[in-house]
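Please consult the sequence and the structure shown below while reading.

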Amino acid sequence: MSGDAPRQAMGPKAWLLYAFATTILWGVWGAFTGLSAERGFPETLVYCVWSVTMIPPALFALACVDWRLDRDLRSVVYGAIIGLLGAGGQMVLFYAVTTGPAYLIFPVISLSPIVTIAMSYLLLGERTNIVGAAGILLALLALPLFDFSPQGLGEGEGLGWFLLSLIVMGCWGVQAFFMKLANHTMRAESIFFYMMVTGLLLAPVAWAMTDFSRPVNWGADGPYLAAGIQLLNAIGALTLVYAFRYGQAIVVSPLTNAGAPLMTAVISLVAIGTLPGRLKLVGLVLACIAALLLALAPEEGTKVDTKAKSTTF
């Protein structure tokens, strides 16, 4: 475990720069991530490719701190919890979308910041002012609108898919909380390294879940295209860890979760020419206002002192 406070190398709004970087990277990723499956490369194999793309940014981050990896028991446990919650939630999501309607599953999952905000407020003592609170509320209102569709609400009968959606929501919400908590006692680079390791460990599970009875596109627009797209996801995950390092979880989580779909919608509109529906347009407006309010909100302190070293790139 490290013993020095992290330095705000980029000023008091360093978290905002990293959060915006995550928003842009995940926004571009979101706009094109569906191409792989559309071209015959299954989502489960996309996960395997994603786990491999986590390696380059993890090694780069460790190189920035002279390969100093936190190896104490608490750091290993925190890293494993963060990685397993993220990757495990993805595994559950693979199954959920086969049992229920995706247009209802993803709006439920998008509310994961509620879990993060509640835990950070109660356990870390994070606070914000009325501007930040308004931004958080608008972001939470905007999130379900990006994927929700009122058509076919009678489909997907049963509660199985809903319970699975709640599990994924809980996993990713708790993961974000532990990402912030771990940043108090270990390097951000170590957090991401353990995220990479756990992601790789679960890759065989995703491989086993793949239906190889159907044709798989092993060409350039299969795994190689997926690698290029998923690398954006991996780098965005690294910048997210840094955003949690320097910013409050109650602000970072809703900003990135609302900002990324906003960026995806803008890219889809410009590059693909897809005009969003009315509900998504409302979500876009709310997300824009929320992002502005969260960016302008003054930073408040927390009850927990940070004690870990970190570097920035």
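The structure is a predicted model, in which local features need pLDDT of at least 70, side-chain atom pairs count only at pLDDT 80 or more, and totals for chains, interfaces and linings use all residues. Residues are numbered from 1 along each chain as its sequence is written, and side-chain values use heavy atoms, with hydrogens and water left out. The protein has 14 helices and 0 strands; helices (H or I, at least four residues) and strands (E, at least two) are DSSP runs, numbered from the N terminus.

**Overall fold**

- Of the 313 residues in the protein, 52% are buried, a term for under 20% relative accessible area, with exposed meaning over 50% and partly exposed in between (1.4 Å probe, protein chains only).
- Among contacts with a separation of 6 or more, 91% join residues 24 or more positions apart; contact means heavy atoms within 4.5 Å.
- Carbon and sulfur atoms contribute 70% of an accessible surface of about 13,800 Å², computed by the Shrake-Rupley method with a 1.4 Å probe, where for residues only the protein chains shown count as cover.

**H9 with H12**

- Helix H9 (residues 160-182) packs against helix H12 (residues 220-246) at an angle of about 60 degrees, their axes lying 8 Å apart. Axes are lines fitted to C-alpha atoms, for helices over the stretch in contact, and angles run from 0 to 180 degrees between N-to-C directions.
- H9 and H12 are therefore oblique to each other; angles under 35 degrees count as roughly parallel, over 145 as roughly antiparallel, 65 to 115 as roughly perpendicular and the rest as oblique.
- The crossing of H9 and H12 is right-handed, that is, the near helix is turned clockwise from the far one by less than a right angle, whereas anticlockwise is left-handed.
- H9 supplies Ala-176, Met-179 and Lys-180 to the contact, and H12 supplies Leu-240, Val-241, Phe-244 and Arg-245.
- By class, the contact of H9 with H12 comprises 5 nonpolar, no polar and 2 charged residues. Here Ala, Val, Leu, Ile, Met, Phe, Trp, Tyr, Cys and Pro count as nonpolar, Asp, Glu, Lys and Arg as charged, and the others, Gly among them, as polar.

**H7 with H9**

- The axes of helix H7 (residues 112-124) and H9 are 7 Å apart, at an angle of about 40 degrees, which makes H7 oblique to H9.
- H7 passes H9 in a right-handed crossing.
- Residues of H7 in this contact include Val-115, Met-119 and Leu-123, and those of H9 include Trp-172, Ala-176 and Phe-177. The contact of H7 with H9 holds 10 nonpolar, 5 polar and 1 charged residues.

**H8 with H14**

- Helix H8 (residues 130-142) and helix H14 (residues 278-296) cross at roughly 155 degrees, with axes that come within 8 Å; H8 and H14 are therefore roughly antiparallel to each other.
- The crossing of H8 and H14 is left-handed.

**Individual residues**

- Ser-36 belongs to helix H2 (residues 35-38) and, at 0% relative accessibility, counts as buried. Not counting residues up to four places away in sequence, Ser-36 touches Phe-41, Val-46, Gly-222, Leu-225, Ala-226 and Ile-229.
- Thr-23 is in helix H1 (residues 14-32) and counts as buried at 7% relative accessibility. The C-alpha atoms of Thr-23 and Thr-239 are separated by 9.5 Å, although the two are 216 residues apart along the chain.
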